[in-house]
Amino acid sequence: MSSRVIRKTEAERRSAVMPDPEAARADFSWQTARDLLEGMPGGGLNIAYEAVDRHVAAGFGAEIAIRWLGKDGTARDLSYQELDGQAARFANVLTAHGLRRGDRVFALMGRTPELYAVALGTLKAGMVFTPLFSAFGPDPVRTRMEIGEASALVTTATIFVRKIAAWRAEIPSLRLVLIVGETAPDGCVALAPAMANAPDRFATVATAEEDVALIHFTSGTTGRPKGVVHVHQAVLSHALTGRSALELTPGTSYWCTADPGWVTGTSYGIIAPLVNRCMMVVDEADFDLERWYATLERERVAVWYTAPTAIRMMMRAGEGPARGHDFSALRFLASVGEPLNPEAVIWGKKVFGHPFHDNWWQTETGGIMIANTKAMDIYPGSMGKPLPGITAAIVGHRNATLAELGPGEIGELALRPGWPSMMRAYLHEAARYAKCFVDGWYLTGDLALRDAQGYFWFIGRADDLIKTSGHLIGPFEVESALVEHPAVAEAAVIGLPDETAGEVVRAYVTLNASFFASEALEQDIRAHARRRLGPSVAPREVVFRENLPKTRSGKIMRRLLKARELGLPEGDISTLETDEK
Ligand code: AMP
């Protein structure tokens with residue numbers, strides 16, 4: 001914990017959407033959030049209606065919804081009216097191909113203009129939007145499409161041919177593959193002509209608050225990835241937190257750098273800004289220091305939501321490249337996804353004139369839960385305080401029941417269920433879902449502490465999940481791919497600290513008889529993992545071992561491997577197999 005503090009001035013507090021967070025918390029009711037929404041004329045709640053239709057109906061159709069910046073330097077503006085038309089066309093394409101309400105539409109694509117039509121058109125049609133990371137290799141894509149019983153997939157020709165064509169026929173639920181562009185491989189439909197031929201009007205389906213809207217996949221420590229189910233009511237959380245935690249108001253020039261495959265890419269890269277009638281800056285390209293500074297300046301970005309890995313990459317280049325840029329339009333900076341170093345918070349103030357405001361949430365919570373809001377003093381290194389409507393605590397087991405711990409005590413971060421964007425299920429896994437709830441608390445899997453002033457501080461994961469460049473990776477999925485290499489007998493995967501990426505993935509493997517450790521074999525195993533999993537998930541290093549530490553019941557002790565690697569206390573090793581002790 002750091003004793004440094006960045007105090008907000010009276011003027012800063014007054015300029016915040018929520019000038020007095022304590023008073024807002026005391027007076028809170030979810031009705032406040034409902035007032036930010038419209039509801040459908042004949043009843044029903046639909047995210048797309050709140051994000052687009054109602055703005056057009058209210059006469060704001062000419063305002064810019066998306067300023068899209070292509071990788072190749074081209075730029076394109078899409079008004080709310082145009083976005084509405086594109087989404088309607090996409091909804092018509094889906095229904096024309098026989099898809100129906102409740103069907104699941106997967107997107108495996110970058111930040112192209114089509115992505116937004118796909119997301120909103122799917123929701124308009126009362127179908128379920130499921131984005132995946134386009135950097136995933138074929139294995140993670142296939143697993144998720146199987147679990148999610150994908151009805152349709154939208155992707156590019158290159159991704160389709162490289163990652164999907166070989167097994168497409170083995171997903172029985174998959175009825176439609178749409179390919180971005182003018183042409184498509186056999187058995188797929190080209191999106192551009194299909195959209196051009198579809199009407200640009202569609203009567204948005206009057207979904208109910210509890211109808212499923214989104215499925216986001218997230219990794220688990222064991223077993224298969226989890227399909228996290230969110231409903232249309234989540235839009236209440238998106239609308240409200242967009243305002244209270246991110247300062248989004250109509251007309252705000254807002255840039256969210258999240259990957260579309262990550263929950264942030266949907267909740268705050270599509271829904272929250274559109275619901276709040278902002279102008280979203282969308283950059284198709286990935287991180288590029290000069291390009292980012294130029295974009296902040298040229299687009300007069302006012303609110304910027306990014307992630308610690310990117311901030312650390314900027315910091316590594318020093319302040320030099322930022323000099324000479326005009327960042328005067330910026331009024332709020334926020335960060336999410338991984339621990340934000342205290343230095344990064346302060347660096348923001350030095351270089352951009354504002355500190356980075358860390359906030360915390362996860363795929364399951366659907367929206368921001370804990371935040372440093374604009375009116376709050378910042379204690380760099382802290383994630384902030386729970387937002388109005390959110391009750392958070394640090395809990396631990398005391399005499400076999402869960403108890404709230406006091407200030408300064410480390411325990412598991414827990415939330416009282418009941419906010420609109422809370423997950424409603426893990427697909428097909430009722431028991432796994434039920435295990436998240438104990439004694440009236442939702443357990444987040446994160447270790448944290450709360451200080452005497454009520455600020456929360458992140459300590460680490462309570463499980464073996466790895467966060468690398470903001471990407472949550474389940475070791476089991478990586479280990480499963482590794483043991484499919486003919487040389488690998490067993491594998492254990494852990495995250496090791498890294499200055500830029502937060503953590504990097506390292507694998508330990510034992511070899512089958514007749515295979516011998518060598519540099520060539522290490523490279524071959526890494527290449528195999530990259531092909532199967534994609535570069536962002538595959539281990540950066542593979543280390544050969546004679547044995548891996550296991551419990552007597554045969555479970556690999558990743559925690560022990562990690563402790564040994566980092567020279568940390570080994571903790572309770574009573575269940576370790578004796579020959580390993
Ligand atoms: P995901 O579901 O992929 O968004 O990952 C959620 C996890 O990311 C959380 O459970 C935390 O472990 C981590 N995380 C998210 N935000 C923060 C933050 N502000 N500080 C530290 N860790 C964070």
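**Cavities, pocket and ligand site**

The lining of the largest cavity is made up of 9 nonpolar, 2 polar and 1 charged residues (Ala, Val, Leu, Ile, Met, Phe, Trp, Tyr, Cys and Pro count as nonpolar, Asp, Glu, Lys and Arg as charged, and the others, Gly among them, as polar). This is a predicted model, with local features needing pLDDT of at least 70 and side-chain atom pairs pLDDT 80 or more, while totals for chains, interfaces and linings use all residues. Residues are numbered from 1 along each chain as its sequence is written, and side-chain values use heavy atoms, with hydrogens and water left out.

That largest cavity holds about 90 Å³ of space, and the whole structure has 4 cavities of 30 Å³ or more. On a 1 Å grid over the protein atoms alone, a cavity is a set of points where a 1.4 Å probe fits but cannot get out; a pocket is an open set with protein on both sides within 12 Å along at least five of seven lines, and lining residues have an atom within 4 Å of a point. Grid points are joined across faces, edges and corners, and the volume is the space filled by probe spheres set on the points.

Moving on to the second largest pocket, its space comes to about 1,200 Å³. It has 45 lining residues, and Phe133, Ala135, Asp259, Asp286 and Ser536 sit nearest its centre. Domain 1 (10-450) and domain 2 (465-578) both give residues to the lining, so this pocket lies between them; the domain bounds come from an automatic or database assignment. Helix H13 (308-316) is one of the elements supplying at least two residues, and its 3 residues are the largest share.

As for the ligand, 18 residues surround it, the closest being Asp358, Asn359, Gln362, Thr363 and Asp446 (a heavy atom within 4 Å). Strand E14 (356-360) and strand E23 (456-461) each supply at least two shell residues, with E14 giving the most, 3. Taken alone the ligand exposes 500 Å², and the protein buries 97% of that (Shrake-Rupley, 1.4 Å probe).

Notes. Helices (H or I, at least four residues) and strands (E, at least two) are DSSP runs, numbered from the N terminus.
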